[in-house]
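User: I would like to learn how to read side-chain contacts in a structure. Please take me through one.

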Amino acid sequence: MSINTLSHYVAGEWLAAKDEQWSEDLNPSDTTQILARVPQGQPAVVDRAVEAAQSAFRAWKATPGPAKAEILHKAANLLAQKRQELGTLVALEVGKPLGEAVPEVDRGVAILRYFAEEAVHPMGMVIPAQTAGSLQFSLRQPLGPVAIISPWNFPVAIPLWKMAPALAYGNTIVWKPAEVASFVATRLVEVLAEAGLPAGVLNLVLGKGSTIGNVLTGHKGIRGISFTGSDTVGMSIGETAAKNNIKYQLEMGGKNAAIVLADADLQQAAKLIAAGAMRFAGQKCTATSRAIVVSEVNDSFIDRLAAEIHTLPLAPANDPRSAIGPLVERSALEKVNYYAELGAKEGQIALGGKAPAEAPLKQGYFFEPTVVVGVSPDARIAQEEVFGPVLVVHQARSVEEAIAIANNSRYGLSVSLFTRDINAMLEYIHDIECGMVRINGDTTGVDPHAPFGGMKSSSSHSREQGPAALEFFTEVKTVQVNAAGA
């Protein structure tokens, strides 16, 4: 496979490299393979991108909704044609197993089609006026140029569930993807450009967040910021946005729990918890990282859980059999290994706990699926986000204690309960402190038309996707029209 040289995309042009520094984009399944060279953007390219977004905004805002919809529908069709090609690239670049990577592209197609239709939906309401004969109504109008900062773990779906509504509602964009997902980002921009998106409406800047991320989020030409990533970076972005008095939405970490009651279908619970914790090496903000099991069925559940985990192959991401795949980069592997060692000290390793040493896995950033038992709910491994294939199992004596353990977290993104007890379901629904609440399902994923987001330190108390996107990417203008000379 040849090494590709990537470029920024500004004002409808791919910028030729001039005195750029570069980083190597490696295949995490086989780190001997270099996929691309990524330019290390500097503040000047951010300035150019924001200027391009500002220049394009007036015309894009004035573009009729049906015309915007046509472009987004065309982009969806083009993306559907490239599903296998782009899915394979996702697997190679970020280590997402092919069986999830291709469906992620399909999800991107669904997102584009959903927001293509939103571009022609009503954007305001008529409000009764106190004055007879007056007309009063509200309009929703775009914010202006917005910054999109997206993570590497869903390199197609998350950027599109931010960019598609931003475009549908008339905003222009400067997009900074995670550096290790730069190759997929360039391919997405190519799709949107081929679909007919005017120059300057979407701009792509590549490089390190520490170099250009702060420049972008603090830029005076940006009117809104949508970010998904770590809570440390997210809170810093929130502070900057507040100082500049612009809108922001932050989707950050999770320490997601799955509760298993005595009357649950234990086989179903074990299968879905194993998948939620271990698939894609646990590299999802909604991945299951804690299982809280009623004591009387704990041993039986653990046996079933281990059996289900053993059915999930640990293999290179582009292997069709792969379910778990590698971690995305060396620092992630080192972090997971650190927490596994911590789990062995604070409790006991029931399964896994180390990096495989055999070929071909030793050439990538692989780590065995790991289950830790016997730790306190307050232990670091039970409180801190690992973002890897590590599941902590706690025991509880009742549904009330299980809910209390689940709520004992600074995060509140996603949670699941396995039971047949309607009373327990109702108690859980009302008492759990999470934005995404499931019963007899795993903690990962959400329908592309449903609001997505968390509570506590998992988000800025906003939501993404579906109808919630309109709230963020537009602002309300109230208009009153009165008769002349009255």
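User: Let us start with Lys 96 and Glu 104. What joins the side chains of Lys 96 and Glu 104?

Analyst: A polar contact is a pair of N or O atoms within 3.5 Å; within protein, one must be able to donate a hydrogen and the other to accept it, and residues adjacent in sequence count only if both atoms are side-chain atoms. Here the side chains of Lys 96 and Glu 104 make such a contact, at 2.7 Å. A caution before going on: this is a predicted model, where local features need pLDDT of at least 70, side-chain atom pairs count only at pLDDT 80 or more, and totals for chains, interfaces and linings use all residues. Residues are numbered from 1 along each chain as its sequence is written, and side-chain values use heavy atoms, with hydrogens and water left out.

User: Which backbone oxygen lies 3.0 Å from a polar atom of the Lys 96 side chain?

Analyst: That of Asn 153.

User: Where do Lys 96 and Glu 104 lie?

Analyst: Helices (H or I, at least four residues) and strands (E, at least two) are DSSP runs, numbered from the N terminus. Lys 96 sits in the loop between helix H3 (83–94) and H4. Glu 104 is in helix H4.

User: Is Lys 96 buried or exposed?

Analyst: Buried means under 20% relative accessible area, exposed over 50%, partly exposed in between (1.4 Å probe, protein chains only). Lys 96 has 1% relative accessibility, so it counts as buried. Glu 104 is buried too, at 4%.

User: Which residues does Lys 96 touch?

Analyst: Contact means heavy atoms within 4.5 Å. Setting aside residues up to four places away in sequence, Lys 96 touches Val 90, Ala 91, Ala 101, Glu 104, Asn 153, Phe 154, Phe 280 and Ala 317. With the same exclusion, the partners of Glu 104 include Val 90, Asn 153, Phe 154 and Pro 155.

User: Now salt bridges. How many does a search of the whole structure find?

Analyst: A salt bridge is a side-chain nitrogen of Lys or Arg within 4 Å of a carboxyl oxygen of Asp or Glu. The search finds 13. One of them pairs Glu 100 with Lys 284, at 2.9 Å from N to O. This pair links distant parts of the chain: Glu 100 is in helix H4 (residues 98–118), while Lys 284 is in the loop between helix H9 (266–278) and strand S14 (288–294), 184 residues apart. Both Glu 100 and Lys 284 are buried.

User: What does Asp 231 form with Arg 410?

Analyst: A salt bridge, with the closest N and O atoms 2.4 Å apart. Asp 231 belongs to helix H8 (residues 231–244) and Arg 410 to the loop between helix H13 (399–407) and strand S18 (411–412), so the pair ties together parts that are 179 residues apart in sequence. Asp 231 is buried at 12% relative accessibility. Arg 410, at 43%, is partly exposed.

User: Which residue makes a polar contact with the side chain of Tyr 339?

Analyst: Glu 384, through its side chain, at 2.4 Å. Tyr 339 is in helix H11 (residues 330–346). Tyr 339 is buried, with a relative accessible area of 7%. Leaving aside neighbours within four places in sequence, Tyr 339 contacts Arg 380, Ile 381, Glu 384 and Val 386. Arg 380 is partly exposed at 34%, and Glu 384 is partly exposed at 27%.

User: How do I check a helix, say H6?

Analyst: The expected span of a helix is 1.5 Å times one less than its number of residues. H6 (residues 182–194) has 13 residues and should span 18 Å; its end C-alpha atoms are 18 Å apart, which agrees. Its buried residues include Phe 183, Val 184, Leu 188 and Leu 192. Gly 196 follows H6, with a positive phi near 110°.

User: And the whole chain: how many helices and strands?

Analyst: There are 15 helices and 22 strands. Buried residues make up 57% of the 486 residues. Of the contacts with a separation of 6 or more, 74% come from residues 24 or more positions apart. The C-alpha trace spans about 80 × 60 × 40 Å along its principal axes.
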